[in-house]
Structures are given as structure tokens and as C-alpha cells.
Amino acid sequence: MAQTSFSSIAATLIALACMTAVAETPAPGTSGIEGTIVVSPSRPGPIWKGEEPSVAPVGNTQFVVKAGDATVKTFTTNGEGRFQVALPPGHYVVLREEAAPRVGNWRFEANVIDGQITKVNWTADSGMR
């Protein structure tokens, strides 16, 4: 009887492991954009010769995805500035959701190909100098 219980538990664990592996694999034909958004410089003041500009993740910020003038989707970055959004194939413009900042550049573009995830690493210009 102990042999049967052990076999049942082992079979259950193997089945759960297989389902987890399948869940982490993107579905065939999935397309979209994933990556990170950071802002630079992240602090005001001069950047001295040889010094790298300060960079910070754009965390917990909402963005809108547009195709032409139409809003297709919105997404919010996580605390580290990472995001993933499923989109059909096409050309998209990604903008910061809140009212457009008066300074800086918060506009990005991406092309999505059928069945592929477009990987991006975007740097927004804060406009601070």
C-alpha cells in the first residue's frame, strides 16, 4: 500500500511540473512587446566629464499603446520598469498615459511581428539638465 501511495504522489508531482512548464511557455502565435523603461537623467544637475548620467526605472507607471490615432491597449510597468503586453502584428506608438510631460521625451515606437515578442529597452528623457 505504501508503494501505491508513493507512486500516486510521484505521478501527481510529475503532472504538476509538466503543467507548470507548459504555463510558462508563451502560446504559439503570441505576439507583443516586452521590456523595460528607464528614465535618464534621473536627477537634476550637471553631468561631469567621464560621469555616466543617472538612470532610474520607470516603475508603476501607466502607458498607452496606439495604432495611428486609436488607443489599442494600456499597460502599467512593474516596480522595476518592466512590462509585457500582447498585441497583434503592426506598428505601435507607446506614450505615457498621464498628461504629457511638459519636458522630456516619453514616446516610443515598436513593430510587432506575428508570432514574435518584440524585446525593447527604452530610455525616456526626463528633460532635467
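Trainee: How many helices and strands does the protein have?

Mentor: This is a predicted model, where local features need pLDDT of at least 70, side-chain atom pairs count only at pLDDT 80 or more, and totals for chains, interfaces and linings use all residues. Residues are numbered from 1 along each chain as its sequence is written, and side-chain values use heavy atoms, leaving out hydrogens and water. Elements are DSSP runs, with helices being H or I of at least four residues and strands E of at least two. On that basis, you get one helix and eight strands.

Trainee: Is threonine 77 buried or exposed?

Mentor: Threonine 77 sits in the loop between strand S4 (70–76) and S5. Buried means under 20% relative accessible area, exposed over 50%, and partly exposed in between (1.4 Å probe, protein chains only). Threonine 77 comes in at 2% relative accessibility, so it's buried.

Trainee: Which backbone oxygen does the side chain of threonine 77 reach?

Mentor: Think polar contacts: N or O pairs within 3.5 Å, where within protein one atom must be able to donate a hydrogen and the other to accept it, and residues adjacent in sequence count only if both atoms are side-chain atoms. The backbone nitrogen of asparagine 60 is 3.1 Å from a polar atom of this side chain. The oxygen you want is at 2.6 Å, and it belongs to valine 58.

Trainee: Leaving aside neighbours within four places in sequence, which residues is threonine 77 in contact with?

Mentor: Contact means heavy atoms within 4.5 Å. Phenylalanine 83 has threonine 77 on its own contact list, too. With those neighbours left out, the partners of threonine 77 are Ile37, Val58, Gly59, Asn60, Thr61, Phe63, Arg82 and Phe83.
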